Amino acid sequence: MLQLARFLPAWMRNYPRHHLGTDVLAGVVTTVLVLPQSLAYALLAGLPPQAGLVVSIFPVVAYALLGSSMTQAVGPVAVTAIMTFSVLSPLATPGTAEYVALAASLALMSGLLVVAFGVLKLGFLSDLLSRPVVSGFISGSAVLIVISQLRLLVGVEAQGADSWHLLAATVAQLPQLKPATAVMGLAGLVVLLLCRHALAPTLQGLGVKPARAQAVVRVMPLVVVVVATLAVVAWDLDTAHGVAVVGAIVPGLPPLQGFVPSASDLGLLALPALIIAFVGTVQNIAMAQALAVKRRERIDANQELIGLGASNVVAAFSGGMPVGGGVSRTAVYVAAGAQTPLASLVAASAMLLVVLFGTEAFTRLPLAVLAASIVVAALSMIDVAALRRAWRYDRADALALLGTATGVLVVGLEAGIGIGIGLSLATLLFRASQPHIAVVGRIPGTEHFRNVARHGVQTLPSALFVRVDESMFFGNLRAIEERLGAELEAAPAVHDLVLIMSAVNRIDVTALEALTDMHRDLGLRQIRLHLAELKGPVQDRLQGTPLWSALSGGVYLSANGAFEALSPPLK
């Protein structure tokens, strides 16, 4: 037994028994509340509704055993669902066996990539996607989700090669909408929006405690679904008035079948799988870290990736739908009192019982209400506040957010995130190529040096102190040379140039050659070059170079040391 225990996750080996009651309750509550969401996101992905239920079982178990977050909840998520639909719908008809096989291949490929990221400790690759780019991608994806659900919301038959053709077809078909479906869908949308934005404040105003008010808000989507289903049953809205419903759901678990994606599938799905892996990595790690901070815990980012990747690999053979860390699912999980991954195991067990014995209850669930729940969830993903914050603080990041969202909407998910990464890298290169350079002086009575344009400082008439606030590389040499030339031109009496290198982390070969040339040119003008506040690794590299051995000036531990050494002697 002791040998077997070594293979169990740490949380299971040292499980605190006083959490057992809250974890069991949280698992059951989470299962009940996310049932409509699981069905809805499967339909959003173009898969049979039972796929959303099945991938809420074994993939959840895989993450609970292999992930490192105590309270992260894994399952079907909106962004992954719309990405799956966007990628696969041009390749196969949604819902067909071919489409399901492609979805399973996508889950397998993205899962293996994420596992590889974790095993090779490549979690830092997620840093290629900045927060504004991720926010823009999710916001653009949310708009596409809303467009995809409009036809179901109002009950029209519309098809389109892409989201904008689908929107145009939906608008064109509005005169043929089904009144009963439209009333049910729009009523559900209004009720859900009111519950999300107004119910909690109203209840709190009536004296209900905030935690209890939030619990009521979270249960309302399930209440709406139940009421809508009872209305369909009571008035035969599906048969008498054409209200579309989920239909028969195959009970029980699908057989586990091994498969290997074909060479053609690998070629078609390689880029989408990589993008899903990147987006899933960023979202999962960011959410796990946020939860860990709140609970004063630590997570292992690479172990997180192994857990997320394994859950997708398992999903490929059980349900066939890519999964991820869901924001709303995790919120329900935490609010229900989950303390450890045991709650996930309980939730998976409860979902297994639903799949085995309870699927008949969903056969007459109206699609319009599921569409309404998806629209409400998608609207909450459009992060206008992030755009406002970015616009006020850094317009370049705001433009990256807008560019990514616009790219997603205009040219698609894959190209959109590529545009976002390109904009982020372009912004980074532009900033690095325009370094902040300050002429500095000493604040009287101190050893501190500050910008002469911002503070009243002491300077030396024959010495120019310049601080370069960026690593020196081929991309910013022109800006540095031009600024130094302008400052020396404006100070003809200067005979000593002191470069304060406190912010320089690296000097590349091109920059070294430029410094050597500048040192030679300064010597011809009878100006000595001094270096101050060099970082250890930078100095180590410079010490073996011709510049170091030929340096006309000194190397100083501090700017103040250079100031004292170059100050004229007191008379």
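In this predicted model, the lining of the largest cavity draws at least two residues from each of H6, helix H7 (97-119), H13, helix H14 (301-317) and strand E2 (324-325). H13 has the largest share of that lining, with six residues. Helix H13 (residues 263-295) also gives the most to the lining of the largest pocket, where it supplies eight residues.

**Cavities**

- The count of cavities of 30 Å³ or more comes to four.
- The volume of the largest cavity is about 130 Å³. It is lined by 17 residues, and Thr80, Ile276, Gly280, Val323 and Gly324 are the closest to its centre.
- Nine residues of the lining of the largest cavity are nonpolar and eight are polar, and no charged residue is found there.
- The second largest cavity holds about 100 Å³ of space.
- Thr30, Thr31, Val34, Ser56, Val60, Ala73, Val74, Arg329, Tyr333, Ser344, Ala347 and Met351 line the second largest cavity.
- At least two residues of the lining of the second largest cavity come from each of H3, helix H15 (327-335) and helix H16 (342-357).
- The lining of the second largest cavity has seven nonpolar residues, four polar and one charged.

**Largest pocket**

- The space in the largest pocket is about 1,600 Å³.
- The lining of the largest pocket consists of 48 residues, and those nearest its centre are Gly326, Val327, Ser328, Ser380 and Met381.
- By class, this lining of the largest pocket has 31 nonpolar, nine polar and eight charged residues.

**Second largest pocket**

- The second largest pocket contains about 980 Å³ of space. It is lined by 41 residues, with Phe85, Ser148, Arg151, Gln159 and Leu166 the closest to its centre.
- H8 supplies the largest share of the lining of the second largest pocket, five residues.
- The residues that line the second largest pocket divide into 23 nonpolar, 13 polar and five charged.

**Helix H3 with H16**

- The axes of H3 and H16 lie 7 Å apart, and the two helices pack at an angle of about 50°. H3 and H16 are therefore oblique to each other.
- H3 and H16 make a right-handed crossing.
- On the H3 side, the contact is made by Leu20, Asp23, Val24, Ala26, Gly27, Val28, Thr31, Val34, Leu35 and Ser38. On the H16 side, it is made by Leu342, Ala343, Val346, Ala347, Ala350, Met351 and Val354.
- The contact of H3 with H16 has 13 nonpolar residues, three polar and one charged.
- Thr31 and Val34 of H3 take part in this contact, and Thr31 and Val34 also line the second largest cavity. Ala347 and Met351 of H16 likewise belong to the contact and to the lining of that cavity.

**Helix H3 with H17**

- H3 and helix H17 (residues 367-381) cross at roughly 90°, and their axes come within 9 Å. H3 and H17 are therefore roughly perpendicular to each other.
- H3 brings Pro36, Leu39, Ala40, Tyr41, Leu43 and Leu44 to the contact, while H17 brings Leu367, Leu370, Ser373, Ile374 and Ala377.
- Ten residues of the contact of H3 with H17 are nonpolar and one is polar, with no charged residue.

**Helices H19 and H20**

- Helix H19 (residues 395-411) packs against helix H20 (residues 413-433) at an angle of about 160°, and their axes are 7 Å apart. Angles over 145 degrees count as roughly antiparallel, so H19 and H20 are roughly antiparallel to each other.
- The crossing of H19 and H20 is right-handed.
- From H19, the contact residues are Ala396, Asp397, Leu399, Ala400, Gly403, Thr404, Gly407, Val408 and Val411. From H20, they are Leu413, Ala415, Gly416, Ile417, Ile419, Gly420, Leu423, Ser424, Thr427 and Arg431.
- By class, the contact of H19 with H20 has ten nonpolar, seven polar and two charged residues.

Technical notes
Residues are numbered from 1 along each chain as its sequence is written. This is a predicted model: local features need pLDDT of at least 70, side-chain atom pairs count only at pLDDT 80 or more; totals for chains, interfaces and linings use all residues. Side-chain values use heavy atoms; hydrogens and water are left out. Axes are lines fitted to C-alpha atoms, for helices over the stretch in contact, and angles run from 0 to 180 degrees between N-to-C directions. Helices (H or I, at least four residues) and strands (E, at least two) are DSSP runs, numbered from the N terminus. Angles under 35 degrees count as roughly parallel, over 145 as roughly antiparallel, 65 to 115 as roughly perpendicular and the rest as oblique. A crossing is left-handed if the near helix is turned anticlockwise from the far one by less than a right angle, and right-handed if clockwise. Contact means heavy atoms within 4.5 Å. Ala, Val, Leu, Ile, Met, Phe, Trp, Tyr, Cys and Pro count as nonpolar, Asp, Glu, Lys and Arg as charged, and the others, Gly among them, as polar. On a 1 Å grid over the protein atoms alone, a cavity is a set of points where a 1.4 Å probe fits but cannot get out, and a pocket is an open set with protein on both sides within 12 Å along at least five of seven lines; lining residues have an atom within 4 Å of a point. Grid points are joined across faces, edges and corners, and a volume is the space filled by probe spheres set on the points.
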